[in-house]
Amino acid sequence: MSRKPKQALSAPIPRLRFVALIGILLVWVALIAARLVWLQVFRHSEYAEREFRQHDRTFQIAPRRGMLYDRDLQPLAMTVLVDSIYAVPGEIADKDSTAKQLARIVHVDPSDRYTSAKDIDARLHRSRDFAWVARKVDADVAARVRALNLKGVYFQKEFKRYYPDNDLAAQVLGYVSLDDNGLGGIEHRFDGALHGTAGQMLTAVDARRQSYSSVEKEPTPGENMVLTLDAKIQFMAEQALDHAMARTKALNGTVVVQDPHTGQILALAIRPTFNPNDVHDIRPAMLLNHAVSDVYEPGSTFKLVPFSAALQEKIVTPDSMIPTYGGQINVAGRIVHDDRDAMIYESHHGNMLSVRQALAESSQVVAIQLAERLGKDRFYRYIHAYGFGQKSEIELPGETRGLLKPPNRWQATTIGSIPMGQEIGVTPIQLVTLASTIANGGVYLPPHIVLQQTSDQKGNPRLAPAAFHPEDKIPDTLPAGAHRVISTMTAAEMRSMMEGVVMFGTGDTAQLNGYSAAGKTGTAQKIDVRTRTYSKTKYIASFVGFAPVNNPAITVAVIIDSPSVGSHFGRAASAPVFQELAQQVLEYLGVPHDMPIKPAKLIAEQKKTAHDDIDGDREQAGDLDTMFAEVNHLPPDDPLRASPGKTQAAVADADEAHAYLQSASDASSSMQPPETGRAANPSPPTGVHADETVLARGKSISAGQVQSSSANSSPAVTLGSGAAVTMPGFIGKPMRYVVVTAANLGLNVRVYGSGVASEQAPAAGTRVPAGTTVVVRFHP
Amino acid sequence: MAKRVGVDKWLFIVTLLLVLFGLVMVFSASAVMAKERYGSPYYFLLRQSGWALLGLLAMLVLMRVNYRHYNSPSVIFPCVAVTTLLLLATFFLHDSHHTHRWIRFGPLSFQPSEIAKPALVLFLAWFLQDRVDRMQDWRRALLPAALPSLLFIALILKEPDLGTALVCAVVTALMLYLAGARIKYLVFALLAASPVLYYMLFHVAWRRARMIAFLDPEKDPRGTGFHILQSLIAVGAGGIHGVGLMEGRQKLFYLPEPQTDFIFANIAEELGLIGAIFVVALFLMLAYRGLRAALLSTDPFARFLAFGITATIVIQAFFNISVVLALVPTKGIALPFISAGGTSLFFTLLSMGVLLNITREID
């Protein structure tokens with residue numbers, strides 16, 4: 001280094017330092033290059049994978065599940081958009097307290113562990129990126145969580161299956177899981193079609209969780225389906241079955257209503273039941289559709305087969321006299337007895353019965369003789385032709401073919417067992433189809449429960465309502481699977497003989513008022529699984545019949561399994577269900593009367609004698625009377641009596657009226673919000689609601705409205721807060737008139753009893769909002 | 001007087017390449033964000049192009065202005081004074097994001113700290129040119145040399161703009177070192193500065209977190225480690241060939257400031273190792289030609305000036321790249337020529353004009 005100032009001007013920068021700096025620079029560049037190679041070559045795949053993970057998410061876009069309609073296009077199952085709540089745990093500082101805060105709101109159902117604070121907390125700790133808090137919550141729950149404004153808690157719209165009528169036809173419809181998989185019933189059987197095809201969205205997500213690009217495949221919505229069910233008849237069937245269940249305390253019960261001229265199922269009710277809206281409470285046993293999956297020994301109802309076959313084969317005529325041998329017959333060493341009542345009847349007739357009388361008294365001895373005269377092969381052919389031992393191919397899952405051995409495997413005593421409905425297993429669907437075959441003039445029509453499917457117009461429901469109008473003949477061209485079993489002549493003879501069963505025989509408790517009816521009772525001993533012998537205490541009481549006799553509008557099968565209160569016989573346990581249901585349905589359908597209408601007093605007396613072991617209706621009637629008295633004798637200044645014009649007031653008033661009605665009936669079912677619904681009390685205690693049938697519900701239940709119905713308001717009121725209507729006078733009018741008039745006005749009807757309308761609430765002339773439920777009581 | 005041979009073509013080409021490359025990358029990095037924030041994907045590209053044009057014009061002019069014109073107190077002192085005033089002015093003008101880095105004129109805005117760097121270099125070159133042999137006299141050489149630097153650094157720190165302050169400090173230290181200052185003094189200065197440094201770097205909680213994050217970004221990948229981890233993911237995902245120009249995805253709100261401080265991560269992702277090495281090579285080339293000018297220049301003022309300009313640019317570049325690669329903690333240092341930012345680009349080009357003029361006298 002120079003110390004001479006003169007040289008300073010040209011003094012070079014110290015080279016050593018310069019070189020040192022260049023050295024440092026080169027080392028630095030080398031470090032950078034090495035780092036680049038390390039990151040971009042050696043760890044490339046790892047980082048590329050990480051980048052992909054944080055950007056690209058393949059989303060499945062859930063398709064909207066298809067609707068299920070009844071034949072009038074009243075929705076039975078619909079899909080609504082609801083909020084699901086999820087969290088990004090990485091954004092939540094205090095997970096424990098957040099979980100507690102959330103659970104306080106979303107943990108609505110104490111039995112549902114999924115939404116408990118503990119489980120939410122556990123999920124929050126499991127993942128950093130995503131954790132469900134609660135799936136498909138009610139609107140008010142979502143609103144309350146939203147109001148908390150918690151960091152890291154988000155909402156996503158999801159489709160939720162919603163059953164507007166709760167447990168109505170639950171076993172037919174089935175339900176869907178949280179992930180939109182159909183479980184049970186039509187939902188399961190047609191899961192593929194109803195579900196639709198999920199869309200695919202390859203979304204890249206930026207750091208703010210906004211998607212910025214997507215390759216989309218639009219989801220295809222599920223097909224809509226129209227069932228053959230008539231929701232109103234279904235209501236009636238469920239109501240009648242509920243009464244029977246309450247009366248008999250049976251294990252389970254099945255009611256099937258069929259259109260005999262098409263084979264379409266109009267109603268299919270099973271008890272016990274469930275509410276498909278409450279997924280948590282559903283146990284597999286509840287899903288069983290006993291109508292197709294239960295095989296039971298039909299007992300005497302099966303006698304229709306040997307009797308009709310013998311008539312068809314001209315072995316006998318309805319008036320042929322058959323010996324009864326003192327009420328017992330030896331079949332290959334096994335002695336079969338007629339029951340006591342039949343034996344007494346037979347002894348009065350000199351141990352000879354006409355075929356007609358034999359069916360009316362359900363004589364085993366005669367049935368066996370007819371089968372023996374047919375011979376096992378011919379008898380088998382008829383059994384088979386009626387559809388037994390084969391699946392009906394009805395559009396329901398879990399159908400069984402029943403139990404029917406081919407003749408070459410029959411034992412010597414079998415020819416004596418099958419005619420009386422033993423050693424053969426049938427399903428309720430097979431049984432109702434047997435009765436329909438006789439009812440429609442002898443043609444087996446395979447049962448169906450699906451009417452239309454929008455298979456070629458996916459997501460574009462161009463469905464036409466197909467209201468049920470009773471036919472008077474079978475279709476000119478028989479549908480696939482249909483075949484004639486017996487001639488129209490034989491069928492007519494059978495119908496008249498079955499009418500005898502109801503008029504004079506074991507089915508007298510099935511008699512209708514103003515309509516002729518035909519049917520057959522049956523009481524089968526259940527096979528004790530433990531001892532493999534017939535149970536002495538467990539019975540299945542059944543009744544199958546149709547009405548009116550000459551041109552049947554409906555066929556009904558009633559099977560009550562193990563009634564434990566009152567008589568176990570089909571006459572007492574099942575036939576009254578037919579009586580109640582058929583009466584109501586025929587009046588609803590407006591089928592013209594073909595019999596003189598008996599005065600109410602006579603009916604009451606008959607009922608009293610016939611139903612000695614059946615009561616309970618009386619108490620309900622008492623409650624009803626009180627309720628009507630309270631509602632219809634309102635003080636003159638009561639808002640319910642508001643004069644026309646005060647529309648606004650009337651809307652509020654109707655609310656009050658509902659509250660009033662609600663307090664009048666200690667427990668209300670249809671007034672409860674859809675979330676809880678009727679399944680909450682499957683076997684209702686005596687109360688007004690046990691009698692009610694909701695008819696002509698508002699058909700335009702939209703998702704928003706459904707959600708807006710909070711715990712304290714009746715859906716009936718929230719639905720129709722629009723136009724006000726003047727309540728028409730229903731007193732003295734037939735049920736058909738009431739139902740049609742109310743539907744046209746947009747009113748809901750709750751129907752009690754049958755006959756003509758005797759009382760109504762709110763009173764005629766009241767201004768009420770559309771959608772109000774009018775309660776109408778009918779008396780014979 | 002040395003003979004005139006024309007500007008260093010390499011340096012000129014490298015500069016043009018860096019500017020053009022920068023414009024392309026600014027567009028690629030900012031298009032999506034600009035579209036979302038300003039409604040036009042070209043927002044940043046247009047602004048940057050305007051500044052680039054302006055800067056290149058200024059460079060072409062300064063290329064032809066003899067650098068000796070600056071070698072006079074009548075240029076140096078006003079320059080230092082104006083810079084000081086501008087730095088002070090930021091504190092009395094509107095703040096953005098609680099910082100005082102900007103001075104705005106209507107739609108235009110510029111950062112006085114960008115002027116501070118060339119001003120400091122100019123001052124040091126002027127001051128050091130005839131004191132190379134007197135650097136042991138710390139009271140009469142070292143301290144007066146360091147004073148304007150300390151003033152600038154203090155003001156810039158106050159803005160606060162840690163990155164620029166750091167660059168100023170390092171450039172000052174390097175120039176003093178090169179002028180022959182004893183390493184002992186420089187170490188003393190570092191020790192004296194360390195409490196301030198510590199206070200600046202670790203006292204504020206979020207800065208401390210950022211400091212530590214670069215050591216182990218995986219520790220808090222969603223918090224303090226997020227930016228640096230996303231930067232590493234971008235670089236790593238680029239691989240050798242890159243994902244393709246405009247195809248980068250880390251810039252979509254994962255990378256912090258993809259068009260400014262982390263533009264190198266976007267380059268590495270989209271153009272891969274090849275693109276990244278290309279950028280490093282351009283700066284290395286710039287360093288080589290700049291230092292060569294400093295070494296071969298016969299005028300001491302030119303030497304210090306060339307060294308200071310080169311050092312400022314190269315240090316910023318490699319600091320920026322090192323931050324992106326998590327070699328050093330996160331600092332707000334832009335990548336010269338390439339990062340979006342008009343003031344930086346303009347004054348960098350201005351400095352290049354001066355440097356290019358110096359190269360005219362070298363063969």
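A word on conventions comes before the structure. This is a predicted model, in which local features need pLDDT of at least 70 and side-chain atom pairs count only at pLDDT 80 or more, while totals for chains, interfaces and linings use all residues. Residues are numbered from 1 along each chain as its sequence is written, chains are lettered from A and ligands numbered from 1 in the order in which they are written, and side-chain values use heavy atoms, with hydrogens and water left out.

Let me begin with chain A. Chain A has 27 helices and 28 strands, where helices (H or I, at least four residues) and strands (E, at least two) are DSSP runs numbered from the N terminus. Of its 780 residues, 56% are buried, a word that stands for under 20% relative accessible area, with exposed meaning over 50% and partly exposed in between, using a 1.4 Å probe and protein chains only. If we take the contacts in chain A between residues at least 6 apart in sequence, 76% of them join residues at least 24 apart, a contact being heavy atoms within 4.5 Å. Chain A exposes about 32,400 Å², with 55% supplied by carbon and sulfur atoms; these accessible areas come from the Shrake-Rupley method with a 1.4 Å probe, and for residues only the protein chains shown count as cover.

Chain B has twelve helices and two strands, and along the sequence they follow the pattern α-α-α-β-β-α-α-α-α-α-α-α-α-α. Buried residues account for 58% of the 363 residues of chain B, and 74% of the contacts with a separation of 6 or more are between residues 24 or more positions apart. The accessible surface of chain B comes to about 14,800 Å², and 69% of that belongs to carbon and sulfur atoms.

Now to the place where the chains meet. Chain A brings 49 residues to the contact and chain B brings 56 residues. Together the two chains bury about 4,600 Å², 65% of it on carbon and sulfur atoms, buried area here being the accessible area (1.4 Å probe) that two parts lose on being put together, summed over both. What kinds of pairs are counted between chain A and chain B? There are zero salt bridges between them, taking a salt bridge as a side-chain nitrogen of Lys or Arg within 4 Å of a carboxyl oxygen of Asp or Glu. On the chain A side, the elements that give two or more residues are helix H1 (15–42) and helix H2 (44–55), and H1(A) gives the most, with 19 residues.

Within the chains, salt bridges do occur, and the count over all chains comes to 20. In chain A, the side chains of A:Glu187 and A:Arg65 meet in one, at 2.8 Å from N to O. This pair links distant parts of the chain, 122 residues apart, with A:Glu187 in helix H7 (residues 185–189) and A:Arg65 in the loop between strand E1 (56–61) and strand E2 (68–69). A:Glu187 is buried, with a relative accessible area of 0%, and A:Arg65 is buried as well, at 3%.

In chain B, B:Asp8 and B:Arg289 meet in a salt bridge of 2.7 Å, N to O. B:Asp8 lies in the segment before H1 and B:Arg289 in helix H10 (residues 263–296), so the pair ties together parts that are 281 residues apart in sequence. B:Asp8 counts as buried at 7% relative accessible area, and B:Arg289 counts as buried at 12% relative accessibility.

B:Ser28 is found in helix H1 (residues 9–38). Is B:Ser28 buried or exposed? With 0% relative accessibility, B:Ser28 counts as buried, and, leaving aside residues up to four places away in sequence, B:Ser28 touches B:Leu245, B:Met246, B:Lys251, B:Asn266 and B:Glu270. B:Ser49, by contrast, sits in helix H2 (residues 43–63) of chain B and is partly exposed, with a relative accessible area of 26%. A polar atom of the B:Ser49 side chain lies 2.6 Å from the backbone oxygen of B:Leu45, where a polar contact is a pair of N or O atoms within 3.5 Å, one of which, within protein, must be able to donate a hydrogen and the other to accept it, and residues adjacent in sequence count only if both atoms are side-chain atoms.
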